[in-house]
Amino acid sequence: MTLRVLLAALLLVLPLTARAATFERCEKPEILIAEEAFAGAGAIVLVAAAQVGDTEAYNRWFGTFSRDRAEAVRTNLKAVNTALLSDEMVAVCPNLGEDGCLRDTYANVYPDQPYVINLCPNFFAQPNMTDHRPGAPELENGTREGTIIHEMSHFHVVADTDDLCYSRSECARMARRDALGAIRNADSYQYFAEDVTFYPAPRPDPGGDPLPDLPIDWPPADEPSANAPPAEVAPIDRTMLPRASDQGGAGCLSCRLAR
Ligand SMILES: [Zn+2]
């Protein structure tokens with residue numbers, strides 16, 4: 001069974017088994033989008049857990065293979081799946097400027113408050129991974145499912161990840177020099193899950209030269225000045241928010257950010 005067939009089968013089954021999340025301040029269309037993305041993320045992360053091994057994709061995102069680290073990665077991916085099935089899932093849809101939804105934020109969580117996830121307006125403008133063909137360039141800057149995997153991994157009771165790097169290029173670099181850091185890093189799980197389910201062929205190493213220019217529909221159309229890809233492409237997204245340690249222990253607002 002190919003990965004895509006497996007993924008399609010899981011997508012058919014999981015919505016039936018997943019418990020419904022609670023939604024706060026979300027419009028009906030947003031709820032439909034989020035429910036689809038939650039189900040997709042659950043299916044993708046499960047396929048990804050089964051793909052953990054001494055592979056090119058594993059090495060790219062988690063560095064040199066070791067049995068212990070791989071087991072930790074697999075456990076964390078499964079924990080994300082379990083969390084997505086929790087009936088304690090709460091999705092909040094803040095407006096721009098509210099609850100840490102900055103101009104370039106996709107989503108955020110407080111890691112000590114499972115399983116509340118703020119889905120910012122930018123989240124709904126992200127591409128849905130399962131709507132595109134594998135490897136489609138529009139997915140290069142992140143997907144709704146990937147963002148959910150990233151955010152869910154932050155919860156202390158799930159995988160307790162941090163944001164040690166953002167973007168494919170930075171995180172591929174980090175995996176080469178710091179395998180232990182990579183398995184604690186949220187973006188690494190997102191990219192691994194996206195790659196093993198939707199990029200079946202080996203991909204060019206993004207850690208060397210800058211990524212090629214790709215069609216980018218970020219940020220939203222009301223910010224035309226930032227629409228053009230920067231001449232020096234490196235981070236696909238970046239963080240601007242303080243880490244937990246900078247917030248007096250109040251809890252980390254961990255974010256997936258657009259350009
Ligand atoms: Zn994060």
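Colleague: Between which two strands is the loop that holds Asp-99?
Modeller: This is a predicted model, in which local features need pLDDT of at least 70, side-chain atom pairs count only at pLDDT 80 or more, and totals for chains, interfaces and linings use all residues. Residues are numbered from 1 along each chain as its sequence is written. Helices (H or I, at least four residues) and strands (E, at least two) are DSSP runs, numbered from the N terminus. On that numbering, the loop of Asp-99 lies between strand 2 and strand 3.

Colleague: Does Asp-99 count as buried or partly exposed?
Modeller: A residue is buried if 20 or more other C-beta atoms, placed from the backbone, lie within 10 Å of its own, exposed if 12 or fewer, and partly exposed in between. Asp-99 is not a glycine, yet its phi is positive, about 50°. Because it has 16 C-beta neighbours inside 10 Å, Asp-99 counts as partly exposed.

Colleague: What is the phi of Arg-25?
Modeller: Arg-25 sits in the loop between strand 1 (22-24) and helix 2. It is partly exposed, as 14 other C-beta atoms lie within 10 Å. Its phi is positive although the residue is not glycine, and the value is near 60°.

Colleague: How many bridges join strand 2 to strand 4?
Modeller: Two strands pair if DSSP finds at least two bridges between them. Strand 2 (residues 90-92) and strand 4 (residues 116-119) run parallel, and Ala-91 stands opposite Ile-117 of strand 4. The number of bridges joining strand 2 to strand 4 is 3.

Colleague: Which residue of strand 4 is the bridge partner of Asn-108?
Modeller: Strand 3 (residues 105-109) and strand 4 run antiparallel and are joined by 2 bridges. A hairpin of 6 residues connects strand 3 to strand 4. The strand 4 partner of Asn-108 is Asn-118.

Colleague: What is the omega of the peptide bond from Pro-114 to Tyr-115?
Modeller: Tyr-115 lies in the loop between strand 3 and strand 4. The bond from Pro-114 to Tyr-115 is cis, with omega near -10°.

Colleague: At roughly what angle do the axes of helix 2 and helix 9 cross?
Modeller: Residues are in contact if their C-beta atoms, placed from the backbone, lie within 7 Å; by this test Ile-44, Val-45, Val-47 and Ala-48 in helix 2 meet Phe-192, Ala-193, Val-196 and Thr-197 in helix 9. Axes are lines fitted to C-alpha atoms, for helices over the stretch in contact, and angles run from 0 to 180 degrees between N-to-C directions. Under 35 degrees counts as roughly parallel, over 145 as roughly antiparallel, 65 to 115 as roughly perpendicular and the rest as oblique; helix 2 and helix 9 are therefore roughly perpendicular. The axes come within 9 Å and cross at roughly 85°.

Colleague: How far apart are the axes of helix 4 and helix 6?
Modeller: Asn-76, Val-80, Ala-83 and Leu-84 in helix 4 meet Ile-149, Met-152 and Ser-153 in helix 6. The two helices pack at an angle of about 100°, so helix 4 and helix 6 are roughly perpendicular to each other. Their axes are apart by 9 Å.

Colleague: How many of the 10 residues of helix 7 are buried?
Modeller: The buried residues of helix 7 include Arg-168, Glu-170 and Met-174. Among what covers them are helix 3, helix 8 (179-182) and helix 9. Helix 7 (residues 168-177) is largely enclosed by the rest of the structure, because its count of buried residues, out of 10, is 7.

Key. Two residues are in contact if their C-beta atoms, placed from the backbone, lie within 7 Å.
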